[in-house]
Amino acid sequence: MKKIILVLTVLLTANFAVAQVDLITKHSGEVVKGKVIKIEEYTVIYKYDGEDAENTLSKYAIEKIVYGKSGRVEEVTEKIIVNGEDDWEKVVILEDKAFISGLKKGEEVRGKTGLINYHTGNTGDKKAEKKLKMAAAALGCPFILQTADKSTVGSSSNSLGGSQAIKKGVSYKY
């Protein structure tokens with residue numbers, strides 16, 4: 001009889017302990033079990049169950065969080081689906097390495113305007129950004145970590161005195 005009570009107590013305690021774990025569901029389908037420490041503007045800081053080290057995930061990588069104590073479900077971000085170059089407007093340019101945590105690295109992408117063009121600085125910049133996003137969308141990647149943003153104007157650009165905008169980045173997906 002004592003063994004039965006002991007086994008039941010252990011099982012109930014184990015179930016209660018599991019219920020205290022937060023479940024972080026990523027857009028890739030992976031579920032991370034741990035304890036959410038802090039939710040910041042673009043990142044979520046958590047600890048794995050049974051560990052003390054703090055880890056960071058980008059909110060862009062997270063679909064939802066199920067809190068173990070309360071059972072509350074928090075929807076974090078919607079999944080961005082890019083099916084090809086035509087979906088270039090859905091691509092998000094990220095400017096901080098913390099924002100890519102939990103995403104998978106793709107290829108380097110580049111967008112630039114021609115050496116001879118009739119764009120002002122602002123429109124040339126927008127055209128280079130569009131080309132950068134189109135390159136990532138062609139790879140099926142909804143995110144770009146921008147690594148370089150260069151604009152040259154006048155005689156420092158080329159011998160004809162035109163302007164050129166060059167943007168580089170690394171593509172990322174779920």
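Figure 1. Ile39 has Val44 of β3 as its bridge partner, in a predicted model where local features need pLDDT of at least 70, side-chain atom pairs count only at pLDDT 80 or more, and totals for chains, interfaces and linings use all residues. Residues are numbered from 1 along each chain as its sequence is written, and side-chain values use heavy atoms, with hydrogens and water left out. Strand β2 is joined to strand β3 (residues 43-48) by five bridges in an antiparallel arrangement, and the hairpin between β2 and β3 passes through three residues. Strands here are DSSP runs of E with at least two residues, helices are runs of H or I with at least four residues, and both are numbered from the N terminus; two strands pair if DSSP finds at least two bridges between them. On β1 (residues 22-26), four bridges make an antiparallel pairing with β2 (residues 31-39), with Ile24 opposite Val32 and Thr25 opposite Val31. The hairpin of β1 and β2 has four residues between the strands, and Gly29 in this hairpin takes a positive phi near 100°.

**Figure 2. The six-stranded open sheet.** The strands follow the order β4-β3-β2-β1-β5-β6 with antiparallel pairing, and the edge strands, each pairing on one side only, are β4 (54-58) and β6 (73-75). Neighbouring strands of this sheet are turned by 40° against each other on average, direction ignored, where axes are lines fitted to C-alpha atoms, for helices over the stretch in contact, and angles run from 0 to 180 degrees between N-to-C directions.

**Figure 3. Two nonpolar cores and the surroundings of Tyr172.** A nonpolar core is a set of buried Ala, Val, Leu, Ile, Met, Phe, Trp, Tyr and Cys residues joined through side-chain atoms within 4.5 Å, and buried means under 20% relative accessible area, exposed over 50% and partly exposed in between (1.4 Å probe, protein chains only). The largest core has 20 residues, and those with the most contacts inside it include Val91, Leu94, Ile144 and Tyr172. At least two residues of this core come from each of β7 (92-94), α2, β9 (143-152) and β10 (164-173). Another core, of nine residues, lies apart from the largest one and has Val36, Tyr46, Leu57 and Ile62 among its members. Leaving aside neighbours within four places in sequence, Tyr172 is in contact (heavy atoms within 4.5 Å) with residues including Ile100, Leu103, Cys141 and Phe143.

**Figure 4. Lys133 in helix α2.** Lys133 has its place in α2 (residues 121-138) and is buried, with a relative accessible area of 14%. Not counting residues up to four places away in sequence, Lys133 touches Trp88, Val91, Ile93 and Ile144.

Figure 5. Rings of Phe, Tyr and Trp (its six-membered ring) pair if their centres lie within 6.5 Å, with planes under 30 degrees apart counted as stacked, over 60 as edge-to-face and the rest as tilted. Five aromatic pairs are found in the whole structure. The pair of Tyr42 and Phe99 is tilted, because the ring centres are 4.4 Å apart and the planes stand at 40°. Tyr42 lies in the loop between β2 and β3 and Phe99 in the loop between β7 and β8 (104-112), so this pair ties together parts that are 57 residues apart in sequence. Tyr42 is partly exposed, with a relative accessible area of 33%, whereas Phe99 is buried at 16%. Tyr60 and Phe143 form a tilted pair, 5.3 Å centre to centre with 55° between the planes. Both Tyr60 and Phe143 are buried. Tyr42, Tyr60, Phe99, Phe143 and Tyr174 form one aromatic cluster.
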